[in-house]
Amino acid sequence: MVARNDEAGFGQEGGCQCGAVRYVLTERPQTVYCCHCTECQKQASSAFGMSVRVRRAALAVHGETAKFGKVSGDRRTVCEFCPSCGSRLFHNRPAHEDMLNVKGGTFDRTDWLKPAGHIWLRSKQAWLLIPEGGLRYPGQPDSFDALVAAYGAQWGR
C-alpha cells in the first residue's frame, strides 16, 4: 500500500503486527495525546497509551477487523483489533461515531507524533517523567477542545 496524500500533503500508513489489517490516514489528526489511565496501561502493556484522534472519513482501512465493547464508568467504547494477531488498532465512543482514535504505535512511522498533552495523570506510573510544555489533566478532560487547539498550534493551525 502506498501512502496517499490529501491536498495538504499529509498521508500516513499503519497496521497491525501481522499485516492483515492496514490503513492510510489522509489528513492530520485533530489531536494526539497520551492517556495514563489503568485501562490504557493494560491495553498497551505499557505505562500509557497514545491516542491519535482523527475523523473516521480520513481513515481508509484495508482488511477485516473484529470489535468488542467495554464500559468504563459511564463511557462505552468500541474497540477494533486484528482478529489474526490481536493488535488493537482503533477505538471510538458511539456518541462520537464520526471520530476515531488510532493507537499511535500502529503507525509505520511515528516520528511525526508529538502529544499535545497527557490525561489521567493521577494514574500514571510514578517513575514516568512528563515533558514540560504540554497540557496536563488529572483525569478525563471535560472537553478535548484545548488538546485540539494545542495540537493545531504545533502545525501552525
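Helices (H or I, at least four residues) and strands (E, at least two) are DSSP runs, numbered from the N terminus. This is a predicted model: local features need pLDDT of at least 70, side-chain atom pairs count only at pLDDT 80 or more, and totals for chains, interfaces and linings use all residues. Residues are numbered from 1 along each chain as its sequence is written, and side-chain values use heavy atoms, without hydrogens or water.

**View 1. The order of elements in the protein chain.** Two helices and 11 strands make up the elements of the chain. From the N terminus they run β-β-β-α-β-β-β-β-β-β-β-β-α. The C-alpha trace spans about 40 × 35 × 30 Å along its principal axes.

**View 2. The largest nonpolar core.** Such a core is a set of buried Ala, Val, Leu, Ile, Met, Phe, Trp, Tyr and Cys residues joined through side-chain atoms within 4.5 Å. Buried means under 20% relative accessible area (1.4 Å probe, protein chains only). This core has 30 residues; Leu25, Val52, Val102, Phe107 and Trp112 touch the most other members. Elements giving two or more residues include strand S2 (22-25), strand S4 (49-55) and helix H2 (145-154). S3 gives the most, with four residues.

**View 3. Lys103 in strand S9.** Lys103 lies in S9, residues 99-103. Lys103 is buried but has no salt bridge (a side-chain nitrogen of Lys or Arg within 4 Å of a carboxyl oxygen of Asp or Glu). The nearest side chain of opposite charge, Glu39, is 9.9 Å away; Lys and Arg count as positive, Asp and Glu as negative, and His and the chain ends are not counted.

Conventions: Buried < 20%, exposed > 50% of the residue type's maximum accessible area, 1.4 Å probe, protein only.
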